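Me: I would like to learn how to read the main features of a protein model. Please take them one at a time, with the general idea before the case.

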Amino acid sequence: MELGSNTPAEASATMRCDGHTDTFEKVKSKRSHKRKRDAAEVETVAAKRPQFPALSGDQLTVTVLLEMRKVAVPAHHYTPLKESWMMFTPIVEHLQLQVRFNLKTRNVEIKTCRETSDIGALTRAADFVKAFVLGFQVEGALALIRLDELFLETFDVTDVKPLKGDHLSRAIGRIAGKGGKTKFTIENVTKTRIVLADTKVHILGSFQNIKMARTAICNLILGSPPSKVYGNIRAVASRAAERF
């Protein structure tokens, strides 16, 4: 056989000594193979997406689970609780809850029922009872049921500054003021309600108002004169009123 006598078809293959022919095949890219495989998996997942029927109006109503909250009542609040028990009527009428006072455990127990439609009713009722137990007036505590943006905050005077003995008594006196004047002024300017119980300070109000009242009380504990505290909270309250 002479050199260069191979035809184009014969040139595309090479003869081996055993008589078999090897052809060149195009190698597929691993990246393209992986891309096609991922696309196939996505199509498979999309095909398995469940189809749910549309819900009716009755099925969209939220069903409240049967739950219960307990609020402990200290011994010195038994008599006020007994005298003001009829003031707990809004818990039953408006929030559609069940309430009772357990004589054995000394707890006010609040429970949901089938008529309860609001998910947050149990929390608001528990906050109302807790506010009454902490010493707030019933009229002020009822705002926790009527309004959604009210909160309770409690802190200790010694959390602000570690005081003992007469220094602690003077700090509490600065918060209350003569005849409660300082406390009433902070309440009126910040639109909050404040209860002083020994070294505990309880504040009822909105988030921003609680922040202003807490800042004023902390300044009084740290030793600022009441006149300076009045000026600061009035300036902050006026800026907040202009903002809204």
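Reply: What follows goes through secondary structure, sheets, cores, a helix and a pocket in turn. This is a predicted model, in which local features need pLDDT of at least 70 and side-chain atom pairs count only at pLDDT 80 or more, while totals for chains, interfaces and linings use all residues. Residues are numbered from 1 along each chain as its sequence is written, and side-chain values use heavy atoms, with hydrogens and water left out.

Me: How many helices and strands does the protein chain have?

Reply: Helices (H or I, at least four residues) and strands (E, at least two) are DSSP runs, numbered from the N terminus. The protein chain has 12 helices and eight strands.

Me: What share of the residues counts as buried?

Reply: Buried means under 20% relative accessible area, exposed over 50%, and partly exposed in between, with a 1.4 Å probe and protein chains only. By that cut-off, 30% of the 244 residues of the protein chain are buried. Contact means heavy atoms within 4.5 Å. Of the contacts in the protein chain with a separation of 6 or more, 56% are between residues 24 or more positions apart.

Me: In what order do β3, β4 and β5 stand in their sheet?

Reply: Strands of a sheet pair through backbone hydrogen bonds, either parallel or antiparallel. Two strands count as paired if DSSP finds at least two bridges between them. Here the order is β3-β5-β4, in an open sheet with antiparallel pairing. β3 and β4 stand at the edges with a single partner strand each, so one side of each has no neighbour in the sheet. Direction ignored, neighbouring strands of this sheet are turned by 20 degrees against each other on average. For such angles, axes are lines fitted to C-alpha atoms, for helices over the stretch in contact, and the angles run from 0 to 180 degrees between N-to-C directions. Helix α5 packs on the sheet, where it touches β3 and β5, and its direction makes about 5 degrees with that of β3.

Me: Which residues stand opposite each other across β5?

Reply: Strand β3 (residues 68-72) pairs with β5 over five bridges, and K70 stands opposite E109. Strand β4 (residues 98-102) also pairs with β5 over five bridges; here Q98 stands opposite K111, and N102 has N107 as its bridge partner. The hairpin of β4 and β5 has four residues between the strands, and R106 takes a positive phi near 60 degrees in it. Four of the five residues of β5 are buried, so this strand is largely enclosed by the rest of the structure.

Me: Which residues of the largest nonpolar core touch the most other members?

Reply: A nonpolar core is a set of buried Ala, Val, Leu, Ile, Met, Phe, Trp, Tyr and Cys residues joined through side-chain atoms within 4.5 Å. The largest one has 25 residues, and F88, I91, L97, I110, F128 and V129 touch the most other members. β5 (107-111), α5 (121-134), α6 (138-141) and α7 (143-146) each supply at least two residues of this core. The largest share, eight residues, comes from α5. Beyond its neighbours within four places in sequence, F128 is in contact with M87, F88, I91, V138, A141, L142, L144 and I145. Another core, of 21 residues, lies apart from it and includes L168, I203, I210 and A237.

Me: Is α10 largely enclosed or exposed?

Reply: Seven of the 10 residues of α10 are buried, so the helix is largely enclosed by the rest of the structure. One of the buried residues is T185, with a relative accessible area of 15%. Neighbours within four places aside, T185 is in contact with Y230 and R234. K191 follows α10 and has a positive phi, near 55 degrees.

Me: Which helix gives the most to the lining of the largest pocket?

Reply: On a 1 Å grid over the protein atoms alone, a pocket is an open set of points where a 1.4 Å probe fits, with protein on both sides within 12 Å along at least five of seven lines; lining residues have an atom within 4 Å of a point. α12 gives the most, with nine residues. The lining has 21 residues, of which N209, M212, V236, A237 and A240 lie nearest the centre of the pocket. About 450 Å³ of space lies in this pocket, where a volume is the space filled by probe spheres set on the points, with grid points joined across faces, edges and corners.
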